[in-house]
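Welcome! Take a moment to look over the sequence and the 3D view before reading on.

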Amino acid sequence: HDLHPGIVLVERTVSGVLRMSGVNDFGLARAADAVFDLAKTLVISEYEAPGSSHSIRASYGPVAHPDPEIALGLYSLLHRVGLWCWLRQRGIISDDANHPLTADLLRSAEVGLE
């Protein structure tokens, strides 16, 4: 429930390839649906490293769910709202509707799940 770029440890192999070597934070860890966890990882990663979620999703492989895209969409919306509330509470997001996360939530509300 809390896997994102800020807590993943990587090392460079002798051939120069980056390889995940560990995770250094389990503060919000909990047992949950794997799709729930994947959605959180995608949302946080996209917020911290825009554009990264596509590569993460592509390398994840098949998602064990009858309708993975709908599940990821619903869980992602839930995680975006939670992230927005957390950032708002800490004063990182003000009433400015131009913040990327606020704009993303507004787009999600307008488009809905297809």
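## A term to start with

A nonpolar core is a set of buried Ala, Val, Leu, Ile, Met, Phe, Trp, Tyr and Cys residues joined through side-chain atoms within 4.5 Å. Buried, in turn, means under 20% relative accessible area. Please keep in mind that what you see here is a predicted model.

## The overall layout

The protein has 4 helices and 2 strands. Starting at the N terminus, the elements come in the order β-β-α-α-α-α. Of its 114 residues, 27% are buried.

## The nonpolar cores

Which residues make up the largest nonpolar core? There are 7 of them: V35, L38, A39, L42, V63, A71 and L72. Helices α1 (34-48) and α3 (68-89) each supply at least two residues of this core. The largest share, 4 residues, comes from α1. A second, separate core has 6 residues, among them V43, L83, L87 and I93.

One member of the largest core, V63, is worth a visit. Leaving aside residues up to four places away in sequence, V63 touches V35, L38, R57 and P68.

## A closer look at helix α1

Helix α1 has 15 residues, and at 1.5 Å a residue they should span 21 Å. The C-alpha atoms at the ends of α1 are 21 Å apart, which agrees with that expectation.

Which residues of α1 are buried? They are V35, F36, L38, A39, K40, T41, L42, V43, I44 and S45. These buried residues pack against α2 (52-60) and α3.

The C-alpha atoms of T41 and R57 are separated by 9.5 Å, while the two residues are 16 apart along the chain.

## Salt bridges

How many salt bridges are there? The count comes to 3. One of them joins the side chains of R57 and E69, at 3.0 Å from N to O. This pair links distant parts of the chain, with R57 in helix α2 and E69 in helix α3, 12 residues apart. R57 has a relative accessible area of 22%, so R57 is partly exposed.

Another salt bridge brings together the side chains of D104 and R80, at 2.5 Å from N to O. D104 lies in helix α4 (residues 100-111) and R80 in helix α3, so the pair ties together parts that are 24 residues apart in sequence. Is R80 buried or exposed? At 18% relative accessibility, R80 counts as buried.

The side chains of R19 and E11 also meet in a salt bridge, with 2.1 Å from N to O. R19 counts as partly exposed at 43% relative accessibility, and E11 counts as partly exposed at 33%.

## Out at the surface

V10, L18 and M20 make a nonpolar surface patch of about 300 Å². M20 is found in strand β2 (residues 18-23), and its relative accessible area of 49% makes M20 partly exposed.

Finally, let us turn to A109, whose place is in helix α4. Why does A109 count as exposed? Its relative accessibility is 64%, and exposed means over 50%. A109 and L77 are 32 residues apart in sequence, and their C-alpha atoms are 9.2 Å apart in space.

Methods
Residues numbered from 1 in each chain as written. Predicted model: local features only at pLDDT ≥ 70, side-chain atom pairs only at ≥ 80, totals over all residues. Heavy atoms only, no water. Patch = residues over 30% accessible without salt bridge, like charges linked within 9 Å, V, L, I, M, F, W, Y side chains within 5 Å. Areas by Shrake-Rupley, 256 points an atom, 1.4 Å probe, with all protein chains shown as cover. Salt bridge = Lys/Arg side-chain N within 4 Å of Asp/Glu carboxyl O. Buried < 20%, exposed > 50% of the residue type's maximum accessible area, 1.4 Å probe, protein only. Contact = heavy atoms within 4.5 Å. Expected span 1.5 Å × (residues − 1).
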